[in-house]
Amino acid sequence: MRKTKWFVSAIATLVVAVIIAGCGQPAKPAEPAKPAEPAKPAETGDIKIGLVVPMTGDVATFGTSMKQGADMAVKQVNDKGGVLGKKLVLRVEDDKNQPTETAAAVQKMISQDKVAVIIGSAASKCTLAGAPIANSNKIPMVTPTSTNEKVTQIGEYAFRVCFIDPFQGDVMAKFAVDNLKKKTAACLFDVSNDYTKGLAEAFKASFEKMGGKVVEYQTYNVGDQDFKPQLTKIKSKDPEVLFLPDYYNTVGLIAKQAREIGIKSVFLGGDGWDSAELTKIGDKAIEGGFFSNHYSPDAKNPESVAFREEYEKTYKGTPDSFAALAYDAIMITVDAIGRAGKTDGAAIKDALSQTKNFKAVSGNITIDPATRNPIKSAVVLKVMDGKFAFEALVNP
Ligand code: PHE
């Protein structure tokens, strides 16, 4: 068994160890540039930032949180005089969590709105559809939350401020083995979604490497509502943990059906669980589950404390990681624009890739210039009394 790197603490002190990965994946060649559409006259003096997020559709709470986090960041920057003496203007597009919509929105924001940078999208499957267009147009795209490994491999204009799924899968496998002392697991995931599939693969590989056994590896497709056939097979193997790496809607549904047929396993998952809707849908069935996440509202780093205070004052609700990461994505971009001294895509891209030890809400961020990924810590949260309680901090 590997040496444990857990730092379990009753108080959520998020001291983030940032380690820069040694070498990265080579970038894929960029797609041929799309023919430019006729430019609209540029508005004077503003720096336009595009935000493409799911404001409606199956993960609407993600987009709503992200917009709130981004709005707050933009307001704070503008209140302090903007960047390079210019105000920021946010252009928001709803992609409904549908890849074709993301692609269309990215194209529009570049050719019509003339944005300098794009922040988005939420889901990896959407960012994977939008980022090639941004990349071929030399417009940096920074995703707050898309964790699939392939996202930043799209090219040198594709960045993120979140950790990646291989790490997230590893975190939950370690947590199951080291903290929960479990040895058998089953996985149930959406085979049509890059995010859930990548996460299941990473969890399985790590769990088995640590000596655990994956006794069932079951799949479904997007939109499925009845999981009893797969759950029945899982029940017959009686795994100690059941890994459910999908988002809150589906996970809530699966948890209920699993308990209905008598599955006793501890439920585990990833950052797709992070919505107040999870406990509304999953109710008692999801209690006692654990998931890896980017941020805990209980974090005590000064940036996080200030962020939570302001967020609660503004929106009368507790921030989740989608809000925190969208805020961080804007702030890291503004920092890069400031260092670049200009707003052309290539200059911002170079400055972004040189980001070092930036004090973000979700922990310190250093971008690895080879992969355009930050290496940062994760938290494990426990579903308890309808809320998410801090359980552990995990460093890479
Ligand atoms: N990290 C997830 C992803 O990359 C976030 C997410 C999950 C967003 C599910 C939407 C739906 O896709």
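## The shell around the ligand

In this predicted model, the residues around the ligand are Val59, Phe62, Ala122, Ala123, Ser124, Thr145, Ser146, Thr147, Tyr195, Tyr247 and Asp271. Sorted by class, this shell holds six nonpolar residues, four polar residues and one charged residue.

Domain 1, which covers 41-163 + 298-376, and domain 2, which covers 166-293, both contribute residues to the shell, and the ligand therefore lies between the two domains.

## Polar contacts and burial

Thr145 contributes through its backbone, where an N or O atom lies 2.8 Å from a ligand nitrogen, whereas Thr147 contributes through its side chain, a polar atom of which lies 2.7 Å from a nitrogen atom of the ligand. Asp271 also places a polar side-chain atom 2.8 Å from a ligand nitrogen. Taken alone, the ligand would expose 310 Å², and the protein buries 99% of that area.

## The cavity that holds the ligand

A search of the whole structure finds one cavity of 30 Å³ or more, and the largest cavity contains about 170 Å³ of space. Its lining is made up of 16 residues, of which Phe62, Ala122, Ala123, Ser124 and Tyr195 are the closest to the cavity centre.

By class, the lining of the largest cavity comprises seven nonpolar, seven polar and two charged residues. Because domain 1 (41-163 + 298-376) and domain 2 (166-293) both supply residues to this lining, the cavity, like the ligand, lies between the two domains.

Terms used. Residues are numbered from 1 along each chain as its sequence is written. This is a predicted model: local features need pLDDT of at least 70, side-chain atom pairs count only at pLDDT 80 or more; totals for chains, interfaces and linings use all residues. Side-chain values use heavy atoms; hydrogens and water are left out. A residue is near a molecule or strand if one of its heavy atoms lies within 4 Å of it. A polar contact is a pair of N or O atoms within 3.5 Å; within protein, one must be able to donate a hydrogen and the other to accept it, and residues adjacent in sequence count only if both atoms are side-chain atoms. Accessible areas come from the Shrake-Rupley method with a 1.4 Å probe; for residues, only the protein chains shown count as cover. Ala, Val, Leu, Ile, Met, Phe, Trp, Tyr, Cys and Pro count as nonpolar, Asp, Glu, Lys and Arg as charged, and the others, Gly among them, as polar. Domain bounds come from an automatic or database domain assignment. On a 1 Å grid over the protein atoms alone, a cavity is a set of points where a 1.4 Å probe fits but cannot get out, and a pocket is an open set with protein on both sides within 12 Å along at least five of seven lines; lining residues have an atom within 4 Å of a point. Grid points are joined across faces, edges and corners, and a volume is the space filled by probe spheres set on the points.
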